[in-house]
Amino acid sequence: MVVALVGLTLSTSATAVAAPGGSATGFAQPFAGAPAFEAVAPQEMTSPAQLNQPLGQAATERIAAAIGLSPRDALSEQQYRALLSGGGVGGDRDAAKTIDACLIILTNTVGRPMYGGSVLGSYGLYVDSHGMLQSPANASAPTRQVNTLLAPGAYIGTWMRNNGATHSLLALYRSAYSVQVPFGFASQQISGTAQLVTNTRGGITTTVGMSMAPPLWVVNFALIYIVRPALAATMPAYWAPIPQTVVNAIEASPSGQVPYHQFASYFD
């Protein structure tokens, strides 16, 4: 579940550009999100060894506590399995497949490869089953299409209420999720088809996929955490700049997608 979990729309600009007055993270508003929660989001990697590394459980629980969540807020094992299988009261298998695909995309870190063995979580990119490289916030991605399941009164909220998980839903709304959603909405509104965002720090400007911008990452972390904390622990711990040649290609593509095989070498 990416940024897209918030149910957002697009404008026509190609890449979201950080405006003047950005935070210490290098992201400007709205991409920096609420100042109180900037520090819990992934920082830019400083060592190649950090690339696509997962958070791990200890860091996951620290972040959860910082945004107002705890293990008791998560679905039970039975609820988790029912949600991912389309079971329970009012369950739907097609909806479950979309949710499962979102979880896979947002946890594409070391040990969790996707199409063609690709591991690109730190870049805020992923490769779909057709071999197309894109942002998880791309209009065609399950992590974008899931919006309809997350809208007020739609499938996910209804399923949770009907299956004894109202406490998880309330915990989510009381957490930083509700604070960060408006920033995520504003960010995607100005991020065009490419769904990339720039980061400027120390006079150097780089680009990353929208899902790694602080408010969007925190929103997705909160959503994944209440589904299953162990899955949140496999989200990217650091973000990495996308190679500029790849950025140029994604921005130039009318669909915001490019064939991964043409650019795979840039991620070696």
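Predicted model: local features only at pLDDT ≥ 70, side-chain atom pairs only at ≥ 80, totals over all residues.
**Entry 1: overall form**

Residues are numbered from 1 along each chain as its sequence is written, and side-chain values use heavy atoms, with hydrogens and water left out.

I counted 11 helices and 8 strands in the protein; these are DSSP runs numbered from the N terminus, helices being H or I of at least four residues and strands E of at least two. The radius of gyration is 17 Å, close to the 18 Å that the globule rule gives for 268 residues, so the protein is as compact as a globular protein of that length. That radius is taken over C-alpha atoms, and the rule is 2.2 Å times the number of residues to the power 0.38. The C-alpha trace spans about 50 × 40 × 35 Å along its principal axes.

I then took the contacts (heavy atoms within 4.5 Å). Of those between residues at least 6 apart in sequence, 74% join residues at least 24 apart.

**Entry 2: nonpolar cores**

I searched for nonpolar cores, defined as sets of buried Ala, Val, Leu, Ile, Met, Phe, Trp, Tyr and Cys residues joined through side-chain atoms within 4.5 Å. The largest has 57 residues, and those with the most contacts inside it are Ile-67, Leu-69, Ile-99, Met-160, Trp-217 and Phe-221. Which helix gives the largest share of this core? I found that α9 does, with 11 residues. Several helices each supply at least two residues, including α3 (93-106), α6 (155-162) and α9 (214-227).

For Phe-221, I set aside neighbours within four places in sequence and found contacts with Leu-55, Thr-60, Ile-63, Ala-64, Ile-67, Ala-232 and Met-235. Apart from this core lies another, of 18 residues, among them Leu-133, Leu-196, Val-246 and Ile-250.

**Entry 3: strands**

I examined pairing next, which requires that DSSP find at least two bridges between two strands. An open sheet of 3 strands has the order β3-β4-β8, with antiparallel pairing. Strands β3 (126-127) and β8 (258-259) stand at the edges with a single partner strand each, so one side of each is left without a neighbour in the sheet. Between β3 and β4 (residues 132-134) I found 2 bridges, and Val-127 stands opposite Leu-133 in β4.

In strand β4 I also looked at Met-132, which is partly exposed at a relative accessible area of 22%. Beyond its neighbours within four places in sequence, Met-132 is in contact with Tyr-126, Val-127, Gln-257, Val-258, Pro-259 and Tyr-260.

Strands β5 (residues 196-201) and β6 (residues 204-209) run antiparallel and are joined by 6 bridges. They form a hairpin with 2 residues between them, and Gly-202 in the turn has a positive phi of about 60°. Arg-201 stands opposite Ile-204 in β6.

**Entry 4: aromatic pairs**

I found 7 aromatic pairs in the structure. Rings of Phe, Tyr and Trp (its six-membered ring) pair if their centres lie within 6.5 Å; planes under 30 degrees apart count as stacked, over 60 as edge-to-face and the rest as tilted. The rings of Phe-27 and Trp-239 have centres 5.5 Å apart and planes at 55°, so I recorded the pair as tilted. Phe-27 lies in the loop between β1 (15-16) and β2 (43-44) and Trp-239 in strand β7 (residues 238-239), so the pair ties together parts 212 residues apart in sequence. Phe-27 is buried, at a relative accessible area of 1%, and Trp-239 is buried at 1%. I also noted a cluster in which ring pairs link Tyr-123, Tyr-260 and Phe-267.

**Entry 5: backbone exceptions**

Most residues other than glycine have a negative phi, and most peptide bonds are trans. I found a cis peptide bond between Gln-29 and Pro-30, with omega about 5°; Pro-30 is in the loop between β1 and β2. Asn-52 has a positive phi, near 60°, and is buried at 6% relative accessible area. Gln-195 also has a positive phi, near 55°; it lies in the loop between α8 (176-189) and β5 and counts as buried at 0% relative accessibility.

Definitions and conventions:
Buried < 20%, exposed > 50% of the residue type's maximum accessible area, 1.4 Å probe, protein only.
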